[in-house]
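Welcome! Here is a short briefing to read with the sequence and the 3D view open side by side.

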Amino acid sequence: QVQLVESGGGLVQAGDSLRLSCAASGRTFSPNLMGWFRQAPGKEREFVTSINWRGGYTYYADFVKGRFTISRDNAKNTVSLQMNSLKPEDTGVYYCGAQNGLTMRYDTWGQGTQVTVSP
């Protein structure tokens with residue numbers, strides 16, 4: 001069973017940067033995509049960014065383009081999210097997820113890490 005563990009969240013001010021990491025452990029890990037999602041209080045979980053595990057192709061939600069960068073380290077089974085120019089509206093719990101290559105569904109999730117951006 002694959003487990004995902006996020007780290008790196010915290011409290012920052014608007015304009016600051018944070019780097020989130022997600023480490024995968026368990027059996028052979030070979031997702032199709034690794035993604036970051038977030039959930040703000042009172043809102044549904046939303047897509048932030050994803051990366052193709054083999055090819056490294058990246059996808060971003062419009063509201064983070066130019067500010068966030070996703071990367072992966074296949075040897076270490078980790079995926080990272082560099083977040084720059086943070087805004088208060090970026091506040092939320094950030095989750096990493098693994099997309100199953102057979103079902104094309106995100107079926108493995110981390111526990112989430114809190115990111116709070118003060119004005």
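Two strands count as paired if DSSP finds at least two bridges between them. Strands (E, at least two residues) and helices (H or I, at least four) are DSSP runs, numbered from the N terminus. This is a predicted model, in which local features need pLDDT of at least 70 and side-chain atom pairs count only at pLDDT 80 or more, while totals for chains, interfaces and linings use all residues. Residues are numbered from 1 along each chain as its sequence is written, and side-chain values use heavy atoms, with hydrogens and water left out.

**The four-stranded sheet**

- Strands of a sheet pair through backbone hydrogen bonds, in a parallel or an antiparallel way.
- Here, an open sheet of 4 strands runs in the order β1-β3-β8-β7, and its pairing is antiparallel.
- From one strand to the next the twist averages 15°, where axes are lines fitted to C-alpha atoms (for helices, over the stretch in contact) and angles between N-to-C directions run from 0 to 180 degrees.
- β1 and β3 are antiparallel and joined by 5 bridges; to find this pairing, look for Glu 6 opposite Cys 22 in β3.
- β3 and β8 are also antiparallel, with 6 bridges between them, and here Arg 19 stands opposite Gln 82 in β8.
- β7 pairs with β8 (residues 78-83) in the antiparallel sense over 6 bridges, and Asp 73 has Thr 78 in β8 as its bridge partner.

**The two faces of β3**

- For burial, buried means under 20% relative accessible area, exposed means over 50%, and partly exposed is in between (1.4 Å probe, protein chains only).
- Side chains alternate along β3: Leu 18, Leu 20, Cys 22 and Ala 24 point to one face and are buried.

- β9 and β10 run antiparallel and are joined by 3 bridges, and Gly 97 stands opposite Trp 109 in β10.
- This hairpin has 6 residues between its strands, and Met 104 takes a positive phi near 60° there.
- Met 104 is partly exposed, because its relative accessibility is 45%.
- Ser 85, in the loop between β8 and β9, is a residue other than glycine with a positive phi, near 50°.
- Ser 85 counts as partly exposed because its relative accessibility is 41%.

**Aromatic pairs**

- Rings of Phe, Tyr and Trp (its six-membered ring) pair if their centres lie within 6.5 Å; planes under 30 degrees apart count as stacked, over 60 as edge-to-face and the rest as tilted.
- By this rule the count is 5 aromatic pairs.
- Phe 29 and Trp 53 are edge-to-face, because their ring centres are 5.2 Å apart and their planes stand at 80°.
- That pair links distant parts of the chain, 24 residues apart: Phe 29 is in the loop between β3 (18-25) and β4 (33-39), and Trp 53 is in the loop between β5 (46-52) and β6 (58-60).
- Both Phe 29 and Trp 53 are buried.
- Phe 37 and Trp 109 are edge-to-face as well, because their ring centres lie 5.0 Å apart with planes at 70°.
- Phe 37 is in strand β4 and Trp 109 in strand β10, so this pair ties together parts 72 residues apart in sequence.
- Phe 37 counts as buried at 12% relative accessibility, whereas Trp 109 is partly exposed, with a relative accessible area of 31%.
- Ring pairs link Phe 37, Phe 47, Tyr 106 and Trp 109 into a cluster.

**Pockets**

- On a 1 Å grid over the protein atoms alone, a cavity is a set of points where a 1.4 Å probe fits but cannot get out, while a pocket is an open set with protein on both sides within 12 Å along at least five of seven lines; lining residues have an atom within 4 Å of a point.
- Grid points are joined across faces, edges and corners, and a volume is the space filled by probe spheres set on the points.
- The largest pocket has a volume of about 230 Å³.
- Among the 13 residues lining the largest pocket, Val 2, Arg 27, Asn 100, Asp 107 and Thr 108 are the closest to its centre.
- β9 (92-99) and β10 (106-109) are the elements that give two or more residues to this lining.
- The second largest pocket holds about 170 Å³ of space, and its lining residues include Arg 38, Lys 43, Phe 63 and Asp 90.
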